[in-house]
Amino acid sequence: MRLVLLGAPGAGKGTQAVLLKDRHNLAHISTGDIFRHNLKNNTALGLEAKKYMDAGQLVPDEIVMKMVGEKLAEFKPDEGFMLDGFPRTVAQAEFLEGLTKLDGVILFKVADEAIVKRLTSRAVCKNCGNVTNINEHSVCPSCGGELYRRDDDNEETVRNRLRVYHEQTEALVEFYRKRDILLEIDATGMPEEVFARVIETLES
Ligand code: ADP
Ligand code: ZN
């Protein structure tokens with residue numbers, strides 16, 4: 001199965017991807033994670049992407065498409081994956097159509113104000129990547145690791161990322177609706193509740 005996870009930043013795509021990964025044996029391809037990994041290793045790609053990420057802007061299409069093209073080339077035709085954070089523009093979606101056939105696009109729907117709240121209190125475990133709330137935990141509740149806040153989770157950048165989502169990414173909702181592969185999910189509430197809705201929609 002090949003899926004795209006679509007939704008605003010902070011809609012919970014990454015969290016749901018981790019849950020889905022085990023259930024359906026799908027690889028999780030997060031373009032944001034690939035950029036952050038590159039940045040950590042000081043690669044040219046990472047340093048280039050940082051300029052945009054810190055401002056809450058999209059990394060230019062050519063850079064992202066080349067990176068995703070190379071990544072998807074590693075997959076055999078029968079291997080499934082979930083794309084998390086890609087595509088984010090119509091140009092990226094058209095590029096993806098030329099690379100592979102999708103089985104579904106899951107749209108995670110959450111109101112903007114709820115997203116601002118979620119992201120400005122988000123903390124990520126340095127050790128295991130677990131995502132938690134800074135107000136509820138001082139260390140990772142699953143492994144005891146140190147928590148950190150993403151550079152782009154400050155309120156100003158979050159609002160920018162939301163604006164960019166509405167201006168450049170939201171058009172993909174219509175794009176995929178027209179192709180009749182859009183699955184819409186109410187992404188409010190706890191991760192487990194959202195996951196139950198995902199499973200119900202995906203498996204019915
Ligand atoms: P979020 O969904 O929480 O905003 P991501 O981890 O998916 O965060 O992405 C972080 C940043 O990486 C984005 O704000 C953007 O700068 C860059 N990025 C990730 N994926 C893409 C993409 N498909 N196209 C352009 N930029 C991207
Ligand atoms: Zn942890």
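## Contacts around glutamate 184

Two residues are in contact when heavy atoms lie within 4.5 Å. Keep that cut-off in mind for this predicted model. By that rule, glutamate 184 touches Leu107, Lys109 and Arg177, leaving aside residues up to four places away in sequence.

Where does glutamate 184 lie? It lies in strand β8. Its relative accessibility is 35%, so glutamate 184 counts as partly exposed.

## Helices α4 and α5

Start with helix α4, residues 61–72, and helix α5, residues 90–99. They pack at an angle of about 25°. Their axes are 10 Å apart. Angles under 35 degrees count as roughly parallel, and α4 and α5 are therefore roughly parallel to each other. Their crossing is right-handed.

Which residues make the contact? From α4 come Asp61, Val64, Met65, Gly69 and Leu72. From α5 come Ala91, Gln92, Phe95, Leu96 and Leu99. Sorted by class, the contact of α4 with α5 has seven nonpolar residues, two polar and one charged.

## Helices α1 and α9

Now take helix α1, residues 13–24, and helix α9, residues 191–203. The angle here is about 50°, and the axes are 10 Å apart. That angle makes α1 oblique to α9. The crossing of α1 and α9 is right-handed.

On the α1 side, the contact uses Thr15, Gln16, Leu19, Leu20, Arg23 and His24. On the α9 side, it uses Pro191, Val194, Phe195, Val198, Ile199, Leu202 and Glu203. How do the residues of this contact divide by class? There are eight nonpolar, three polar and two charged in the contact of α1 with α9.

## Helices α6 and α7

Helix α6 spans residues 112–120, and helix α7 spans residues 155–169. They pack at an angle of about 140°, with axes 10 Å apart. Are they roughly parallel or oblique? Roughly antiparallel needs an angle over 145 degrees. α6 and α7 are therefore oblique to each other. α6 passes α7 in a right-handed crossing.

In α6, the residues that meet α7 are Asp112, Glu113, Ile115, Val116, Leu119 and Thr120. In α7, their partners are Glu155, Val158, Arg159, Arg161, Leu162 and His166. By class, the contact of α6 with α7 has five nonpolar residues, two polar and five charged.

## Aromatic pairs

How many aromatic pairs does the structure hold? It holds two. Buried means under 20% relative accessible area. Phenylalanine 75 has 19% relative accessibility, so it counts as buried. Phenylalanine 81 is buried too, with a relative accessible area of 0%.

Phenylalanine 175 and tyrosine 176 form an aromatic pair that is also edge-to-face. Here the centres are 5.0 Å apart, and the planes are 80° apart. Are these two residues buried or exposed? Phenylalanine 175 is buried, and so is tyrosine 176.

## Backbone exceptions

Most residues other than glycine have a negative phi, and most peptide bonds are trans. Some places in this chain depart from that pattern.

Which peptide bond is cis? The bond from phenylalanine 86 to proline 87 is cis, with omega near 0°. Proline 87 sits in the loop between β3 (81–84) and α5.

Asparagine 42 has a positive phi, near 55°. This residue is in the loop between α2 (31–40) and α3 (44–55). Exposed means over 50% relative accessible area. Asparagine 42 has 55% relative accessibility, so it counts as exposed.

Aspartate 180 has a positive phi as well, near 65°. It is found in the loop between α8 (171–178) and β8 (182–186). At 70% relative accessibility, aspartate 180 counts as exposed.

Definitions and conventions:
Residues are numbered from 1 along each chain as its sequence is written. Chains are lettered from A and ligands numbered from 1 in the order in which they are written. This is a predicted model: local features need pLDDT of at least 70, side-chain atom pairs count only at pLDDT 80 or more; totals for chains, interfaces and linings use all residues. Side-chain values use heavy atoms; hydrogens and water are left out. Axes are lines fitted to C-alpha atoms, for helices over the stretch in contact, and angles run from 0 to 180 degrees between N-to-C directions. Helices (H or I, at least four residues) and strands (E, at least two) are DSSP runs, numbered from the N terminus. Angles under 35 degrees count as roughly parallel, over 145 as roughly antiparallel, 65 to 115 as roughly perpendicular and the rest as oblique. A crossing is left-handed if the near helix is turned anticlockwise from the far one by less than a right angle, and right-handed if clockwise. Ala, Val, Leu, Ile, Met, Phe, Trp, Tyr, Cys and Pro count as nonpolar, Asp, Glu, Lys and Arg as charged, and the others, Gly among them, as polar. Rings of Phe, Tyr and Trp (its six-membered ring) pair if their centres lie within 6.5 Å; planes under 30 degrees apart count as stacked, over 60 as edge-to-face and the rest as tilted. Buried means under 20% relative accessible area, exposed over 50%, partly exposed in between (1.4 Å probe, protein chains only).
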